[in-house]
Protein chains: 2
Amino acid sequence: MASKGSLKTPKGTRDWVGGDLHLRDHIFTVLERHGGVPLDTPVFELRSVLSEKYGEESRLIYNLEDQGGEACSLRYDLTVPFARWLSMRSDVQHIKRYQIAKVYRRDQPAISRGRLREFYQCDFDIAGVFDPMIPDAEILCIIAEVFEAFQIGVTVKLNHRKILDGMFEVAGVPKDKIRTTSSAVDKLDKAPWDEVRKELLDKGLSEEVADRVGTYVRRSGSMREMLDNLRLDSELGANKFLMEGLADMELLASYLEAMNVVDKVSFDLSLARGLDYYTGLIYEVVVLPDPANPATLQVGSIAAGGRYDELVGMYGRRPLPCVGISFGVDRIFTLLDARRKKKSGSDLTNQAEVYIMAFGGKEFDGLLLERMRVARQLWAAGIRAEFAAKVKPKPLQQFNASEGVPVAVMLGQEELDAGQVRVKQLHGGDKNAASKDKGQLVPRENLVEEVRKLLASIQLEQE
Amino acid sequence: MASKGSLKTPKGTRDWVGGDLHLRDHIFTVLERHGGVPLDTPVFELRSVLSEKYGEESRLIYNLEDQGGEACSLRYDLTVPFARWLSMRSDVQHIKRYQIAKVYRRDQPAISRGRLREFYQCDFDIAGVFDPMIPDAEILCIIAEVFEAFQIGVTVKLNHRKILDGMFEVAGVPKDKIRTTSSAVDKLDKAPWDEVRKELLDKGLSEEVADRVGTYVRRSGSMREMLDNLRLDSELGANKFLMEGLADMELLASYLEAMNVVDKVSFDLSLARGLDYYTGLIYEVVVLPDPANPATLQVGSIAAGGRYDELVGMYGRRPLPCVGISFGVDRIFTLLDARRKKKSGSDLTNQAEVYIMAFGGKEFDGLLLERMRVARQLWAAGIRAEFAAKVKPKPLQQFNASEGVPVAVMLGQEELDAGQVRVKQLHGGDKNAASKDKGQLVPRENLVEEVRKLLASIQLEQE
């Protein structure tokens, strides 16, 4: 038997209940609008499928115990399982797929900031050979639409791996130090330049090279500003890699203008992204600080992604270019929760549309079977209905239980004998008990129709 | 790098894609109608939370590797995590909760019959102190509604732990052999009586006792038939336990009659259910064999559950009676898949409502930016829209890609210069290219409105 002390979820995990889970529907609506097909993969993969995909971060992978059989690990993200699936499904030449699922990292948890060991990601990716930057632009459009739906103000920071690597080359960073330089520079959103510079020197860059890196990467601004700025730099213009990246970004700017999302993005030369598999455009979505919601100050990045054209090919069957985005669902929940908690306290509010009650005098038997008949009829009509699970419920019990439910169906023996029931709009909790409004008498056989009418009129009132 | 041979999902697991995942919405609709609140718990629990809950079956539990920290295991079902959650949330006195999630069993997989190592369960449970059998009746009503929604014919086999144990007592089964007798009897749906009888003798019952057990349990029929039958047996009538169970079943029969689901159930005295934690009513849902769908012959039980009044109390904080049902989602998918595959071959059909095309003569530049503007406008209006991710797509490419999409928006430079676009109903694939119907010219600014109108009229046509 479990002792009292151990009655908890494992470290870095949590339960989700009620309204929080319905928030995900906002994301799905947007993703399906863009032709997303849902995919669901196993929570664990063969260990070989995950290996050599995450670089240094691999040490955070959870393994299953060796109980005889295959070596398996819990998934670390949704991108690698998608690439594995694409490699297996050679009949799929192009697809837009989305997946919402939990991923696992044995990291130090920080629950208040939404950093957990088990957390939800929601990924949308476009795989296939297309003309440059068209799918990339659609992904950025999706990002804008998702956060518009949640009414969360964001900026999408953009950069391009080829521009970044080109700049490092021009600055004089040796080829074998490009990835480590990149990961140091990525910290500029949290650390001051002095600290990053020190890390670059520790990693073996000369002061001169480090300072040139610093001049290049500490620049950000609108797409057009930054493009003009980079075009003017003749030293950078000599780097082939960088010019390829710039051409991509020019194209992207025109697409984002056409889609009217260019004002959501910022071209930020310090953005680098940790994972090795990105090959082109990269992006990270940060929340705009909102003083009315302190959670916006803590949460930081809430979505990120980029283009990864070589990951599918790593499984040795075929190459397939991909671009995608991962939404950090738990962090989005943390933000919305902080906003929502101000409005309603409970995570378990009653969602019923109709509460079925019965009343009577001394001889009152509770009319349970009749309440059941009515419930079944309403359920069959698709109406969310409840009744007290008591043989003889008291009036006040029934009114209290109907808190938050908009409509009551009221049964009494006399009315039933006359083939009638009462339908009444409720106004919250025990206030109803005192109310003199007895509702409307309607023929028993018109019940569903009358309930629907009343629900529709209440809906209209509230709009 | 993964070798080609290992490019697969782990044994007993599979990927789900496309339409299959949308099938779950049918279940959710029913469960929310009954006031279900969604709950989501971690995929792994502290090992101590799972221990001593599953009897013999514990050996099938998956453990996480010991990488320092707490001992954790993948969940085995959704009932025990729910009980753990109820123990922790002492503010919750009663709740209807549902959860759909994957559970894990290191069993021998048999994929064609829908038996996997990772599989979906969807649970609906009612926790709280209520008058007897009212929540139990609602659960049976939910079962009926879910399978009505899926148009799957089922029978719900019912029994009661107290009736079962009482019968065994009357038959002379020693107290310490009641659970093993029960699990042998549970096999009667798959094995002939002779085999079960042999197992009982092996377990140490005398021939006489085994035969009396056989006489009792090999009976099933409608609720009323079986209740009358049991009431007539004076020997059984002397057993207190059994009489309590019978009283429950009488009550249940009247409730099921009121809810009009009594014809879906069969009272089956051989039903025992393997898990230890059941204390009252138990049930198992079996598919009615349908010669037109061979999967119905293989799948067997597709949902099961019962009352477990003591599980929450096992965590030492408070008792809380519960009753619930687990739907075997993968087996339901297997059934529906077999039916659906006859209709449509692919699991990746296009769900878009509008395909945006562009056409032009020699100087045609593809009108990509204009296609993007239109797409963004339709997306913002909540319409599922797609366009070719090509700068200059060919007409036939666009028609082929629009296969299955009901409406096209067609752009041409001339029309755009006059502030117009074409809106056209599609009839499937390249047949459209040959069609002489050029659609309707509408003002660019009325586009969303005109698309909505056309979609609505197509919808009406199809109903």
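Reply: Begin with strand pairing: two strands pair if DSSP finds at least two bridges between them. This is a predicted model. In chain A, three bridges link strand S7 (residues 154-160) to strand S9 (residues 265-268), and the pairing is parallel. Within it, Leu158(A) stands opposite Phe267(A) of S9(A).

Me: How does S1 of chain B pair with strand S2 of chain A, parallel or antiparallel?

Reply: Antiparallel: strand S2 (residues 37-40) of chain A and strand S1 (residues 16-17) of chain B are joined by two bridges. Asp40(A) has Trp16(B) as its bridge partner in S1(B).

Me: Now the interface. How is its size stated?

Reply: The size of an interface is often given as the accessible area lost when the parts come together. Here chain B and chain A bury about 8,600 Å² between them, and 60% of that is on carbon and sulfur atoms. On the chain B side, the residues that lose the most area to chain A are Leu7(B), Arg376(B) and Trp379(B), together 9% of what that side buries. Counted by residues, 94 of chain B are in contact with 94 of chain A.

Me: How many salt bridges and polar contacts are there between chain B and chain A?

Reply: There are 14 salt bridges between chain B and chain A. Residue pairs in polar contact between chain B and chain A, both at pLDDT 80 or more, number 38. The side of chain B that touches chain A has 47 nonpolar, 16 polar and 31 charged residues.

Me: Which residue does Glu65(B) form a salt bridge with?

Reply: Its partner is Arg47(A), and the closest N and O atoms are 4.0 Å apart. Another example is the salt bridge between the side chains of Glu148(B) and Arg376(A), at 3.5 Å from N to O. Glu148(B) is in helix H5 (residues 134-149) of chain B and Arg376(A) is in helix H15 (residues 368-380) of chain A, so this pair joins two chains. Over all chains, the count is 68 salt bridges.

Me: What is the order of the open sheet of five strands in chain B?

Reply: Its order is S14-S13-S15-S16-S17, and the pairing is mixed. Strands S14 (385-387) and S17 (440-443) of chain B are at the edges with a single partner strand each, so one side of each has no neighbour in the sheet. From one strand to the next, the twist averages 30°.

Me: Which strand does S13 of chain B run parallel to, and which helix packs on the sheet?

Reply: Strand S13 (residues 354-358) of chain B runs parallel to strand S15 (residues 407-411) of chain B, and five bridges join them. Ile356(B) stands opposite Val409(B) in S15(B). Helix H19 (residues 447-462) of chain B packs on this sheet and touches S13, S15, S16 (420-425) and S17 of chain B. The direction of H19(B) makes about 10° with that of S16(B).

Methods: Residues numbered from 1 in each chain as written. Chains lettered and ligands numbered in written order. Predicted model: local features only at pLDDT ≥ 70, side-chain atom pairs only at ≥ 80, totals over all residues. Heavy atoms only, no water. Contact = heavy atoms within 4.5 Å. Buried area = accessible area lost by both parts, 1.4 Å probe. Polar contact = N/O pair within 3.5 Å; in protein donor to acceptor, adjacent residues only side chain to side chain. Nonpolar A, V, L, I, M, F, W, Y, C, P; charged D, E, K, R; others polar. Helix = DSSP H or I, 4+ residues; strand = E, 2+ residues; numbered from the N terminus. Axes fitted to C-alpha atoms, helices over the stretch in contact; angles between N-to-C directions.
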